Amino acid sequence: MQPQTVETITSLIQEGEFFKLKQLLRTFQPAELVALIEEEEEREQLIIFRLLPLKLATEVFEYLDLEVQRHFLDNLAQDKMADILNEMSPDDRTALLEFLPANFVAELVQSLSEEERKVTLQLLGYPEDSVGRLMTPDYIAIRENWTVQQVLDYIRQHGGQSETLSMLYVTDMHGVLIDDIRIREFLLSAPTAQVRSLMDRRFVQLTANQDQEEAIDVFRRNDRNALPVVSDQGILLGIVTIDDILSIREQEDTEDMQKLGGSEALDEPYLATPLLGMLKKRAGWLVILLIGEMFTATALKSFEDEIAKAVVLTIFIPLIISAGGNAGSQATSLIIRAMSLGELRIGDWWRVMRRELATGAMLGLILGAVGLFRILLWSRIFPGEYGAYYWGIGLTVGSSLVGIVLWGSLCGSMLPLLLKRLGADPATSSAPFVATLVDVTGVVIYFAFALLFLSGTLL
C-alpha cells in the first residue's frame, strides 16, 4: 500500500472523519486492508476494523495474523466478534480457536450459531495436526443420475457458500464419495448429459485422521486446488483447500529453519514469544552444543605433547574444524530439504551415502589443494613462516581437509536419515549439532595426519 494512502487514513482517524474513512475503506481489496491494519498501531487497527462492513470484515479477519486476531477478540464488542466468527469459514475459525486458551475457546464457541457450533466442535474433535482440523464442510456434492443442467442449477442455488467451485464431488445415496469432476467438464457438456457420463471413478482423497504433512505431499503430487476428505468408511466429510495447505507448509518450513539454527521451534511469532519462553527454547540446545564442544577440548588435551612440540599446528585447527562443520551443515540442509519435498526416503540411504562419498571426496580434494597451495605460497613469500618442514605441514593440512570434509559430508547426510528411521524429527540434526560432532572428530583426524607426515621431524 502506498505511503500516501496510509498517511491519508491516519489523518482521517486523527481528525475524527470516520464517515469519510468508512467510505474510503470500502474501496480497498481485503489483501490491501490486511496490509494496512498490520502497519497501523493497535488503536488505529481497532478503529479501521470497526468501520468495515460485516462481509468485508470477515474476509479481512481470516487473513490477519493470529496475534492481531487475538487482539481484536479481546477489545471488540462480543456481538460483533460473534457475527464475524459465524461468517468465517470453518477451517480458518478452527485455526484461530486452536491458538486460544481453552476457557476462551469455550466462551467463543457458545457465541456461535447452533449450526456453526456443531461444525466447529466437530473439527476441534479431530487430532491435532490431522487433516480433519483443516477441512471445511462447505463444498458441492452431486449425484451421478443428475443431468448437467441440474448440476448447474444446483450450483447457482447453493454454490455461494462453497469454499471452492473448481471441483464437484459425486456421492452415492449414503454419502460415500465415488468421484470428483472439474467444473469445466460441466460447462463444456450438453445440458442433457448425465453426471455418470462424465465420471471415470478415478480420484484422490484424504482421510480425516491423516497427518497434515502427508496431505502436503498428496497436494504436491496431484497439483490440486482442493482435495476431498473422507471417513474410514469413505463417507465425504469435507474438503481441504490449497490455501490451508500452504499455511501448514509455511509453518513446517519455519519450524525446520528454527531447528536447523540450533533451537526448538517457537510456538508463537518471534516478537510475541515471552522472554522466558525464548530462553527455554534456545538454552537447551546451546547447553548440549557446549557440552559437545567440551569433547573437542578433551580431544585437544590428548594431543598436548604434540602441540607442545609443534605449536605451529594450532594455527590451522580453526580452519580444519570449520571446513568440516561447513561441509556437514551443507549436507544436512540439503538432505532435510530433499526429505521434506519427498525427494528422498529412508530406503535411499545407500544412494545418498555413495553420492556423499564422491561429493565429499571431491570437495575435500578442492579444499585440500587450496590449503596446501596456501602453505607452500606463504613459505615462499615468508621463508621462516613454517620452518624447514613446510611440506610436511602442508601435506598434514591438505590431507586433513580431505578427510574431515568427507567425514562431515557423511555425518551431515546420514544423521537426518538415521533420526527419521528412529521416529525423530530429522530437523533436530541441526547444522550446529552436526558441526559440533565434526569438530570433535576433526581434531582427531587432523593430529592423526600430523603424526603420519611429521613424525620424526617436528613430532
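# Exercises on a predicted model

Leaving aside residues up to four places away in sequence, Ile37 touches Gln45, Ile48, Phe49, Val60, Leu64, Val68 and Phe72. Contact here means heavy atoms within 4.5 Å. This is a predicted model, where local features need pLDDT of at least 70, side-chain atom pairs count only at pLDDT 80 or more, and totals for chains, interfaces and linings use all residues. Residues are numbered from 1 along each chain as its sequence is written, and side-chain values use heavy atoms, with hydrogens and water left out.

## Exercise 1: Ile37

Find the helix that holds Ile37, and decide whether Ile37 is buried or exposed.

Solution. 
- Ile37 lies in helix α3, residues 30-39. Helices (H or I, at least four residues) and strands (E, at least two) are DSSP runs, numbered from the N terminus.
- Step two: check its cover. Buried means under 20% relative accessible area, exposed over 50%, and partly exposed in between (1.4 Å probe, protein chains only). Ile37 has 0% relative accessibility, so it counts as buried.
- Step three: look along the chain. Val6 is 31 residues apart from Ile37, and their C-alpha atoms are separated by 9.7 Å.

## Exercise 2: the whole protein

State how many helices and strands the protein has, and what share of its residues is buried.

Solution. 
- Step one: count elements. There are 20 helices and 6 strands.
- Step two: take the buried share. Of 459 residues, 44% count as buried.
- The accessible surface is about 24400 Å², and 57% of it belongs to carbon and sulfur atoms. Accessible areas come from the Shrake-Rupley method with a 1.4 Å probe; for residues, only the protein chains shown count as cover.
- Among contacts with a separation of 6 or more, 66% are between residues 24 or more positions apart.

## Exercise 3: an open sheet and a helix

Give the strand order of the open sheet of 3 strands.

Solution. 
- Step one: read the order. The sheet runs β1-β2-β3, with mixed pairing. Its edge strands are β1 (141-142) and β3 (177-182), each pairing on one side only. Two strands pair if DSSP finds at least two bridges between them.
- Step two: follow one pair. β1 and β2 (residues 167-171) run parallel, joined by 2 bridges. Ala141 has Tyr169 in β2 as its bridge partner.
- Step three: turn to α11 (residues 148-158). Val148, Val151, Leu152 and Ile155 are buried there.
- Step four: name the cover. The buried residues of α11 are covered by elements including β1, β2 and α12 (183-187).

## Exercise 4: a hairpin

Describe how β5 and β6 pair, and how many residues lie between them.

Solution. 
- Step one: find the sense. β5 (residues 226-230) and β6 pair antiparallel over 5 bridges. Leu227 has Val240 in β6 as its bridge partner.
- Step two: inspect the turn. The two strands form a hairpin with 5 residues between them. Gly234 in the turn has a positive phi of about 85°.
- In β6 (residues 236-241), 5 of the 6 residues are buried, so the strand is largely enclosed by the rest of the structure.

## Exercise 5: salt bridges

Solution. 
- Step one: set the rule. A salt bridge is a side-chain nitrogen of Lys or Arg within 4 Å of a carboxyl oxygen of Asp or Glu. The structure holds 10.
- Step two: take the pair. The closest N and O atoms of Lys55 and Glu59 are 2.9 Å apart.
- Step three: compare their cover. Lys55 is exposed at 61% relative accessible area, whereas Glu59 is partly exposed at 28%.
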